[in-house]
Amino acid sequence: MIDQTIDSSLEEDRPTKPALIRGFRCKCPNCGEGALLHSYLKVNDTCSECGEELFHHRADDGPAYLTILLVGHLLAPALHVSYVQWRPDPWTMAIAFSIGCVALSLFLLPRLKGAVVAYQWARRMHGFGKAG
């Protein structure tokens, strides 16, 4: 009989939580030192510190969807509470929440892209499964 067990000792463990934290900080998910992004949303091909290949990522629209989800879930209750508690002028609320929405979106988008790339790296998705 042929032994068909998979030897998982060849692949070292890649913990997901530390990788997600590093990715959210826009750092390499492997070493946590090198920059993950070289412009606002462009992922580096390799890490400048450890040489980890990062070009395998397939983040696509995932970070944008997550950003919309988080911004909506944070600002919708704030909009409701501010209207019920203080009843500000509609133009004041529109301007304040528009600025808040844009600022929060611009802050979260690269961080969530880093987290998505780090998740793919940690779970060995889309070519990240190669040794290294």
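The model is predicted: local features need pLDDT of at least 70, side-chain atom pairs count only at pLDDT 80 or more, and totals for chains, interfaces and linings use all residues. Residues are numbered from 1 along each chain as its sequence is written, and side-chain values use heavy atoms, without hydrogens and water.

**Helix H3**
- Helices are DSSP runs (H or I, at least four residues), numbered from the N terminus.
- H3 covers residues 90-122, which is 33 residues.
- H3 has a kink of about 30° at Leu108, shortly before Pro110. The bend is the angle between axes fitted to the seven residues ending there and the seven starting there.

**Nonpolar core**
- A nonpolar core joins buried (under 20% relative accessible area, 1.4 Å probe, protein chains only) Ala, Val, Leu, Ile, Met, Phe, Trp, Tyr and Cys residues through side-chain atoms within 4.5 Å.
- The largest one has 15 residues; Leu37 and Trp121 are among those touching the most other members. H3 gives the largest share, 5 residues.
- Beyond four places in sequence, Leu37 is in contact (heavy atoms within 4.5 Å) with Cys26, Lys42, Val43, Asn44 and Pro110.

**His38**
- His38 sits in the loop between H1 (16-24) and H2 (62-86).
- His38 counts as exposed (over 50%) because its relative accessibility is 54%.
- Its side chain makes a polar contact with the side chain of Asn44 at 2.9 Å. Such a contact is a pair of N or O atoms within 3.5 Å, where within protein one must be able to donate a hydrogen and the other to accept it, and sequence-adjacent residues count only if both atoms are side-chain atoms.

Key:
Helix = DSSP H or I, 4+ residues; strand = E, 2+ residues; numbered from the N terminus. Expected span 1.5 Å × (residues − 1).
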